[in-house]
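Reader: Before we turn to any single feature, could you walk me through how a model of this kind should be read?

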Amino acid sequence: MTDSPAPAPTGRLIGGMFRRQRRDTALCAGFWSLHQVCEALVPVAIGVVIDQAVGTGSTTAMAWSVLGIFALFVALTMGWRFGFWFLSKAVVQESHSLRMQVVRRVLTGRGIRTNRQNGELLSIATSDTQAAAEMLELGSRMVSALIGLTVATVVLLRIDWSLGLGLVVGVPLLVLGLNALGPVVERHTSAQQQAIGRAAATASDLLRGLRPLRGFGGVDEAARRYRAASRTSLRANLGAVRAGATFVGVSTFTTGLLVTVVAALAGWFALQGRITVGELITIVGLATFISDPVLNLADCVFRLATARASAARVAEVLAAPEPAPSGGAAARPGALVLDDVHAPGLDGVSLTVRPGELLGVVTEQTVTADGITELLAGGRHPDRGEVTLADTPVRDLDVAALRRIVLVEPHAVDLFGATLREVLHTGDDHDDAAVRRSIAAACVDVLADGDEGLDRELLDRGLDLSGGQRQRLALARALLADRPITVLRDPTTAVDAVTEHAIAEGVREHRTGDARATVLVTTSAPLLDRCDRVVFVHAGRVAAVGRHRDLLARSAYAEVVLR
Amino acid sequence: MSDPTSTILPVATGRATLVSFWRSLRRHPMLGWASVAASLAASAAAVVVPLLLGRLVDLVVAAGTTRSLLLTSAWILGAGFAAAVLTGASRWLVTEWGMRACADLREEVLDHALRMDSARLENAGSGDVAARVTEDVEQVTDSIRLAAGVFIALVTVVVTVAGFAALDWRIAVAFLVIVPVYALSLRRFTPRAKRLYAAERQAAAVRTQHLLTTFGGVRTVHAYGMQQRQSQRVERASRDAADARLRAVRGFLWFANMMNYAEAIGLTAVLFTGFLLVRSGDSSVGEVTAAALLFHRLFGPLGMLLMSFNDIQSAGAALARLVGVTEVDVPAGRAGELATRAPAGITAKSVWHRYADGPTVVHDVTIEIAEGESLAIVGESGAGKTTLAAILGGVFPAADGAVWLGGRLIGDLGPDDLRRTVGVVTQEVHVFAGTLADDLRLAAPHATDEQLHAALRLVDADGWVAALPAGLATRVGDGEHPITPGQAQQLALARIALLDPPIVVLDEASAEAGSAGAHQLELASQAVIRGRTAIVVAHRLTQAHACDRVAVMSRGRIVELGRPDDLVEAGGRYAELWAAWRR
């Protein structure tokens, strides 16, 4: 899957990165080039100092030499420092921007279709965005290394054209040769990243299920499983290490070969008197220096593969399709209609949610309830039939606008925010009176009774609350959002019978008014008893419509709602 | 800890971190010795190259023969080749050494995270632990490569100084002038860096927590169309992490500057000493060249050391956070003989409980549940039902009072013993990633497929499991084949059936199913309860009514206790609830 990403989105992603950060990246490349040139001049300076000062024993020359060395190092330091600062800014900024793109992509519209686990998404949003942004560093480093090489070559050409020429030809050959090793390394690194991602995903999955895990004593087995994932990851890592070490060995040897050949030739020229001893030292020094930018380039090539693999994974998420695409039509409040819809568990169901009513939907099977909830949410399209809102097919509606009209509170409760107030607010501003009304309707006002009131802090995802409290908070949140159409799926499964009656009353009162329609997909008698109408879906079809008390006469209905 | 967030997991001190990592390294002595030997040899070979180059200069100055020039060149080539092979080998060995140690460590970390006492884990928040076992582990793993480089660079520096000494001891002394410069800068930088990097890690942990919540709750975000709001939350956290990172970079740059000036000072010192030595005739131009080249060659390793100081410091912070997890005490698994699966009753005497700094949630509960008896706990939310059930199930110890399971004090049971005695279904349901069979085998690793099927049949889940695309081998969990909350509850019950303990504690077992599936789940839990001592936290009164006895809780106390029909007849609290339920 990661091995064959479409090249276009990855390329576009990388291009976009450089475009967005062009100023800081260019500044970094500039300063680092200055640094490289100074680095190249260091061996030249050593040669000059040995030739002019150490060799001659002149004190003035030595004094000038010391001054020159310090001037050179100031330039060198400044170049590196400014370059690193601009680069850090660019990388930090860009990884942040990529991370937010990933987050927005996952959150956008109806979400994305992906077979990645949450843990993997997490690792893409944190590590991969970071690794991809480091592409900017590689770009700057490669530019500056090339400039350093150029300066070294020019100096060598001026001393002796044949040696200079040899380097101009030899070095690109070397780099190209090392480049050819890239794919081998890439195969290993992408396997490594996948294995690490999987081990991390296993760890976070086990931790999230830790409470149940402890309940059934699965800790030992869980630890054993993580150990297995960790060992797989270790094996992949070691494969990459061996490939990397081979690569280092080969590149070290080739640069060593280069230095030796240059030194031997220069030595021979010096013996013949074609160049001076100082020039020989410069050449030998430069030949040693040259290995730095060459190794630097090689290292960039090596890391390019890793960064690219990360960029590909980020691009894959960004390019992931939506499960159901959004239309463009504006949504208006009105009747929400299922017209002869077919879906798993639904065999031609028609029902209308009229403005102003409290509608109960009773199903015999969970899959039917799931289907109706999903269809009302616009999260899926029916296999056959149509879902319309105010006579417009839901599939044609703009998703964002649809969600301002229809709210379907998921049954699995997820709470966001650090305080009670934050948890309840979902986008609009509400005054405290409204907030308190909604929590009172959902019977969780007790949570706000403390000294901190609505600013009471909640631990991570409301984990310090009981299941019933969490469920009721989610209900209060839905009531507070106050959408024209609100669909609640089994909102009282985790509360006791007395509270359930109170909640039923609270929901009824909170949702009065002609502009508000409420759908309760439930089999709870207290809730259904307060509905204006109840639709009973039996064997995938609408079997009856009426008041709860009247429907109780039907044995099939009574069996489902009475316990 | 000066940190305002004192509930967060401990972070190990620098010393403890070092000791702990050293212990991990020592577990692989062969690799260790091979690594040290290869690194020494590689550095020695690398140092020989400039020394030979210096000899080449001397040879030219002395107008030697072409033959001797060729011979020297051949030596250089040979040394270069040896250096290359040894460098590759040392890189491999050192990295493998570190990685094996790191794998040992991360397994130990997760082990501790899984076994840590619940109160601490929940105070810390799942994000902090998750960040440690994912991001910190990854950072430490990634840094192993770097740390290997640092190790090799250090060896190179040491060997090079020996090389200086081989040329002339006075040059080696001149080189050493950089040591105080390094030491002073490090002393100023280290405490600052520690603070900066710790802040950076903390900000990253907060970011992870936000990302986790967001990805986990994506359905809710969509339902409310609150992508804007939620991405702003993540954005703020991510921005804070970015700012913390840049602050750390700024601190590091000052340090990097000092390192460059140290290089300038060192080079000047070496050249100046060479200048004096050549003038007094104690040294040749070639030797000074070799010294200058050697020193110049050190720029690489020294630069590597300083460049990576940044990452090594933050990796050190990550490592300290990992070791911090391993320092948390976990209840030890007892090696002693395990309790046989014997029938067991439950006795609780004067049990009190309060969460840290919270109000008392369980008041003086004394209760005795006979072998094979089932007890339902009912009451309003917040009455203390879950807490009492958790205490009786050994999930966490009571603040005061005593609980006996099958005649043995709960504190005397080791974790293994405890789980063999009592199985708990918690309020949270989780479908573990992997195949369905993997999920079930978490509870009973050695169960055969036949046993798995039997457990599924018991909880009436065999039907839908058979209808899955690959049956037991279907992949479930995050992003895989979807499992409804009701099905997940059935799986939770099936796991308990596989575990087959004499005592079960079921907390809101029907809560997540939605009412359509509730009846089915009630039957499933009854099947699991049969033949065991059971405590059922019941929200659906039919469930309570099916138990032998009912305990009604209110404000942390048991206010009524008796057979359900008797309680209804008595006309108290339970009768009231029952009437409301039947309405």
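Author: Let us begin with confidence, for which pLDDT is the predictor's own score for each residue, from 0 to 100. Chain A averages a pLDDT of 84, and 93% of its residues score at least 70. This is a predicted model, in which local features need pLDDT of at least 70 and side-chain atom pairs count only at pLDDT 80 or more, while totals for chains, interfaces and linings use all residues. Residues are numbered from 1 along each chain as its sequence is written, chains are lettered from A and ligands numbered from 1 in the order in which they are written, and side-chain values use heavy atoms, with hydrogens and water left out.

Reader: Where in chain A is confidence lowest, and where is it highest?

Author: Helices (H or I, at least four residues) and strands (E, at least two) are DSSP runs, numbered from the N terminus. In chain A, the lowest confidence belongs to helix 7 (residues 182–208), with a mean of 74, and the highest to strand 8 (residues 517–521), at 94. Over residues 1–7 of chain A pLDDT stays under 50, and for this stretch the model has eight contacts (heavy atoms within 4.5 Å) beyond four places in sequence.

Reader: What is the mean pLDDT of chain B?

Author: Chain B has a mean pLDDT of 83, with 91% of its residues at 70 or more. Its residues 1–7 have a pLDDT below 50, and that stretch has four contacts beyond near neighbours in sequence. Residues 334–338 of chain B also stay under 50, and the model has nine contacts for them beyond four places in sequence.

Reader: How are the chains divided into domains?

Author: Domain bounds come from an automatic or database domain assignment. For chain A, the assignment gives domain 1 (7–318) and domain 2 (336–561), whose C-alpha centres lie 55 Å apart. For chain B, it gives domain 1 (14–327) and domain 2 (346–582), with C-alpha centres 52 Å apart.

Reader: How should I read a pair of aromatic rings?

Author: A pair of aromatic rings is described by the distance of the centres and the angle of the planes. Rings of Phe, Tyr and Trp (its six-membered ring) pair if their centres lie within 6.5 Å, and planes under 30 degrees apart count as stacked, over 60 as edge-to-face and the rest as tilted. A search of the whole structure finds 14 aromatic pairs over all chains. In one of them, the ring centres of Phe216(A) and Phe432(B) are 6.2 Å apart and the planes stand at 90°, so the pair is edge-to-face. Phe216(A) lies in the loop between helix 8 (210–215) and helix 9 (219–272) of chain A, and Phe432(B) in the loop between strand 6 (422–425) and strand 7 (434–435) of chain B, so the pair joins two chains.

Reader: Is Phe216(A) buried or exposed?

Author: Buried means under 20% relative accessible area, exposed over 50%, and partly exposed in between (1.4 Å probe, protein chains only). Phe216(A) is buried, with a relative accessible area of 2%, and Phe432(B) is buried with a value of 2%. Another pair is formed by Phe175(B) and Phe295(B), whose ring centres are 5.5 Å apart with planes at 75°, so this pair is edge-to-face. Phe175(B) lies in helix 6 (residues 169–175) of chain B and Phe295(B) in helix 10 (residues 285–327) of chain B, so the pair ties together parts that are 120 residues apart in sequence. Phe175(B) is buried at 3% relative accessibility, and Phe295(B) is buried at 0%.

Reader: How is the length of a helix judged, with helix 15 of chain A as the case?

Author: The expected span of a helix is 1.5 Å times one less than its number of residues. Helix 15 (residues 467–481) of chain A has 15 residues and reaches 21 Å from its first C-alpha to its last, close to the 21 Å expected. This helix is mostly covered, since 15 of its 15 residues are buried.
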